[in-house]
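Hi,

Here is the structure I said I would pass on. Have a look at it first, and then read my notes below.

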Amino acid sequence: MKSTLTKGMNEQDKSEFRQSFVAAKSVRDRLTEVLNESIDSLHQAQLNDDDYDSPSWATKQADRLGQIKAHKKLLNLLQ
């Protein structure tokens, strides 16, 4: 578990949170699967030939990259 998740908490709250975090492994595993599927989908969308004809192609790519980055940050926290 990343210390970022308990930053600023008192020791009792940290302990309770850690217990909840460990107990929620199946939820975290499912969220990890969903986020990984979304990342794969976003990677595939980046390769869509139709988007290359769009004048806003660069904006779409930047948006997808931003979504991928956010998903990866969440995945990192779920470990």
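What covers the buried residues of helix 2? The cover includes helix 1 and helix 3. Before I go on, some housekeeping. This is a predicted model, in which local features need pLDDT of at least 70 and side-chain atom pairs count only at pLDDT 80 or more, while totals for chains, interfaces and linings use all residues. Residues are numbered from 1 along each chain as its sequence is written, and side-chain values use heavy atoms, with hydrogens and water left out.

Helices are DSSP runs (H or I, at least four residues), numbered from the N terminus. I call a residue buried under 20% relative accessible area, exposed over 50%, and partly exposed in between (1.4 Å probe, protein chains only). Contact means heavy atoms within 4.5 Å.

Helix 2

Back to helix 2, then. It has 22 residues, and from its first C-alpha to its last it reaches 31 Å, close to the 32 Å expected at 1.5 Å a residue (the expected span is 1.5 Å times one less than the number of residues). Its buried residues are Arg 28, Leu 35, Ile 39, Leu 42 and Gln 46. Looking down the axis of helix 2, you find these buried residues within an arc of 65 degrees, so they line one face of the helix; the arc is that of the directions from the helix axis to the C-beta atoms. The face turned away from that buried side carries Ser 26 and Gln 44, which are exposed.

Helix 3

Helix 3 runs over residues 57–78. Its 22 residues should span 32 Å at 1.5 Å a residue, and its end C-alpha atoms are 32 Å apart, which agrees. Buried here are Gln 61, Arg 64, Ile 68, His 71, Leu 75 and Leu 78. They take up an arc of only 100 degrees around the axis, which puts them on the same side of helix 3. Thr 59, Lys 69 and Lys 73 are exposed on the other side. Among what covers the buried residues of helix 3 are helix 1 (11–23) and helix 2 (25–46).

His 71 is buried, with a relative accessible area of 15%. Setting aside neighbours within four places in sequence, His 71 is in contact with Leu 35, Ser 38, Ile 39 and Leu 42. Leu 35, Ile 39 and Leu 42 also belong to the buried residues of helix 2.

At the other end of the accessibility range I looked at Trp 57, which is in helix 3 and is partly exposed at 31% relative accessible area.

Salt bridges

How many salt bridges does a search of the whole structure find? There are three, taking a salt bridge as a side-chain nitrogen of Lys or Arg within 4 Å of a carboxyl oxygen of Asp or Glu.

- Glu 11 and Lys 14 meet at 3.6 Å, N to O. They are three residues apart in helix 1, about one helical turn. Glu 11 is exposed at 56% relative accessible area, whereas Lys 14 is buried at 19%.
- Asp 29 pairs with Lys 25, with 3.0 Å between the closest N and O atoms. Both lie in helix 2, four residues apart, about one turn of the helix. Asp 29 is partly exposed at 34%, and so is Lys 25 at 45%.
- Arg 30 pairs with Glu 33, with the closest N and O atoms 2.9 Å apart. These two are three residues apart in helix 2, again about one helical turn. Arg 30 is partly exposed at 43% relative accessibility, and Glu 33 is partly exposed at 43%.

The spacing is what you would look for: an α-helix has 3.6 residues a turn, so residues three or four places apart point the same way.

Thr 6 is buried, at 4% relative accessibility. Leaving out residues up to four places away in sequence, Thr 6 touches Met 1, Lys 14, Phe 17 and Arg 18. Thr 6 and Phe 17 are 11 residues apart in sequence, and their C-alpha atoms are 7.5 Å apart in space.

Cheers
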